[in-house]
Amino acid sequence: MSLEVAVAAPFKARARDRLGQGEFVVALSLEREWFSPDQAKRLVDVAVGRGLLASDDGDLVPQFDPAEVTVPEGFTPDESVLREQSTFESALDAIVAAGVAKQRAVAAINERQRALAITIEAAAVLYAREQGAAVDRLAADVREELATEAEEATETGEATGADEPTDDPGAA
């Protein structure tokens, strides 16, 4: 995964387990010339959002072991690493990392979505958990998204249920 490689590179180069954000941005933009300073800051946001980095007292701390990541000779990350992945994409990556073939995973996710009449994100997180993939943060995101959608549906009157008023006196 090129995002993980890009994040690991500054920590590996300095043989440290935490870096100031400025130091991290300088390493990616000025030293390696992989990104502009603004892009390197965006990479920090994406990496924090994906759970690869955490902020601790102003320092960036990797949430994985950078020493275990190989930075290939001549490696240059693609700018696509700067875009946030959807919940579905993140869950799919976790499933593939757990050893499931991507095509098989997508088929199983689609089947669960159809069979359970749930969102693709919920189906992906459900399948990821079944495969033993670590998706707790994604599950929380899906729960939050579903709760927001349910709340919005209730506010706009789209929800159906026993609490809806009726003009039919025999319906009670």
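**Largest pocket**

I began with the largest pocket, which holds about 460 Å³ of space. The model is predicted, and I kept to its limits: local features need pLDDT of at least 70, side-chain atom pairs count only at pLDDT 80 or more, and totals for chains, interfaces and linings use all residues. Residues are numbered from 1 along each chain as its sequence is written, and side-chain values use heavy atoms, with hydrogens and water left out.

I noted the pocket criterion: on a 1 Å grid over the protein atoms alone, a pocket is an open set of points where a 1.4 Å probe fits, with protein on both sides within 12 Å along at least five of seven lines, and a lining residue has an atom within 4 Å of a point. The volume is the space filled by probe spheres set on the points, which are joined across faces, edges and corners.

I counted 16 lining residues, of which Arg50, Ser90, Asp93, Ala94 and Ala134 lie nearest the centre of the pocket. The elements giving two or more residues to this lining are H4 and H7, and H4 supplies the largest share, five residues. Helices (H or I, at least four residues) and strands (E, at least two) are DSSP runs numbered from the N terminus. By class I recorded 10 nonpolar residues, one polar and five charged; Ala, Val, Leu, Ile, Met, Phe, Trp, Tyr, Cys and Pro count as nonpolar, Asp, Glu, Lys and Arg as charged, and the others, Gly among them, as polar.

**Helix H4 and serine 90**

I looked up serine 90, found in H4, and it counts as buried because its relative accessibility is 9%. Leaving aside neighbours within four places in sequence, serine 90 is in contact (heavy atoms within 4.5 Å) with Arg50, Gln85 and Leu138. Just after H4, I found glycine 99 with a positive phi of about 105°.

**Helix H7**

I checked the length of H7 (residues 136-155): its 20 residues at 1.5 Å each should span 28 Å, and the end C-alpha atoms are 29 Å apart, which agrees. The expected span is 1.5 Å times one less than the number of residues.

I found Leu138, Ala139, Val142 and Ala153 buried in H7. Seen down the axis of H7, these buried residues fall within an arc of 100°, so they line one face of the helix; the arc is that of the directions from the helix axis to the C-beta atoms. The face turned away from the buried side carries the exposed residues Asp136, Arg143, Glu144, Glu151, Thr154 and Glu155. Helix H4 (87-97) and helix H6 (120-130) are among what covers the buried residues of H7. Glycine 157 follows H7, with a positive phi near 80°.

**Helix H6**

I recorded Ala122, Ala123, Ala124, Val125, Tyr127 and Ala128 as the buried residues of H6. Their cover includes H4, H5 and H7. Glycine 132 follows H6 with a positive phi, near 80°.

**Proline 62**

I ended with proline 62, in strand S3 (residues 59-62). At 11% relative accessibility, proline 62 counts as buried. Apart from neighbours within four places in sequence, proline 62 is in contact with Phe11, Asp17, Leu52 and Leu53. The C-alpha atoms of proline 62 and glycine 99 are separated by 23 Å, the two residues being 37 residues apart along the chain.

Methods
Buried < 20%, exposed > 50% of the residue type's maximum accessible area, 1.4 Å probe, protein only.
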